[in-house]
Amino acid sequence: MKQKIQQFMMGRYGADQLGRLLMGISIIFLLVSLFTRLDIFYILALGLMVYEYYRMMSKKIEQRYAENQKYLNGRYRLVVKWNRRKEHFRQRRDYHFYRCPSCKQKVRVPKGKGRICITCPKCKREFIKKS
């Protein structure tokens, strides 16, 4: 039986990270529909499952691969943005963060230095702020 399934899946796309996300969301929708008795969540869960199985059984491997790469790139950008925000939040006790008035570059200056002249590293414009 295992060999028959492997033979059937030959030349098909299969499962990937986007598919796992879609399956997870559909399971969450099924649980929500179970507890709330709202049919909309059930319909959404079934739609996501059908779409995921369509992706798995698809023979258009290049298109499914491009969809997955688009998802992975978006997820990567979100993770990088989240990590930047965490680092900024961690440093807020020791530093002030200002934006350059001309180019909007974020500039970090140490706290407790009084009024200082800040030079933007990007456009070299100087502006005065209290640190």
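**The aromatic pair in its setting**

Author: In the protein chain, 38% of the contacts with a separation of 6 or more are made by residues 24 or more positions apart. The model is a predicted one. Its protein chain comprises 4 helices and 4 strands, which follow the order α-α-α-α-β-β-β-β from the N terminus. The radius of gyration is 25 Å, whereas the globule rule gives 14 Å for 131 residues, so the chain is more spread out than a compact globule. The C-alpha trace spans about 75 × 40 × 25 Å along its principal axes. Of the 131 residues, 20% count as buried, and carbon and sulfur atoms hold 60% of an accessible surface of about 10,500 Å².

Against this background, the structure holds 2 aromatic pairs. One of them joins phenylalanine 29 and phenylalanine 41: the ring centres lie 5.8 Å apart and the planes meet at 45°, so the pair is tilted. The classification follows because planes under 30 degrees apart count as stacked and those over 60 as edge-to-face, with the rest termed tilted. Phenylalanine 29 belongs to helix H2 (residues 17–36) and phenylalanine 41 to helix H3 (residues 39–57), so the pair ties together parts that are 12 residues apart in sequence.

Buried would require a value under 20%.

Key
Residues are numbered from 1 along each chain as its sequence is written. This is a predicted model: local features need pLDDT of at least 70, side-chain atom pairs count only at pLDDT 80 or more; totals for chains, interfaces and linings use all residues. Side-chain values use heavy atoms; hydrogens and water are left out. Helices (H or I, at least four residues) and strands (E, at least two) are DSSP runs, numbered from the N terminus. The radius of gyration is taken over C-alpha atoms; the globule rule is 2.2 Å times the number of residues to the power 0.38. Buried means under 20% relative accessible area, exposed over 50%, partly exposed in between (1.4 Å probe, protein chains only). Contact means heavy atoms within 4.5 Å. Accessible areas come from the Shrake-Rupley method with a 1.4 Å probe; for residues, only the protein chains shown count as cover. Rings of Phe, Tyr and Trp (its six-membered ring) pair if their centres lie within 6.5 Å; planes under 30 degrees apart count as stacked, over 60 as edge-to-face and the rest as tilted.
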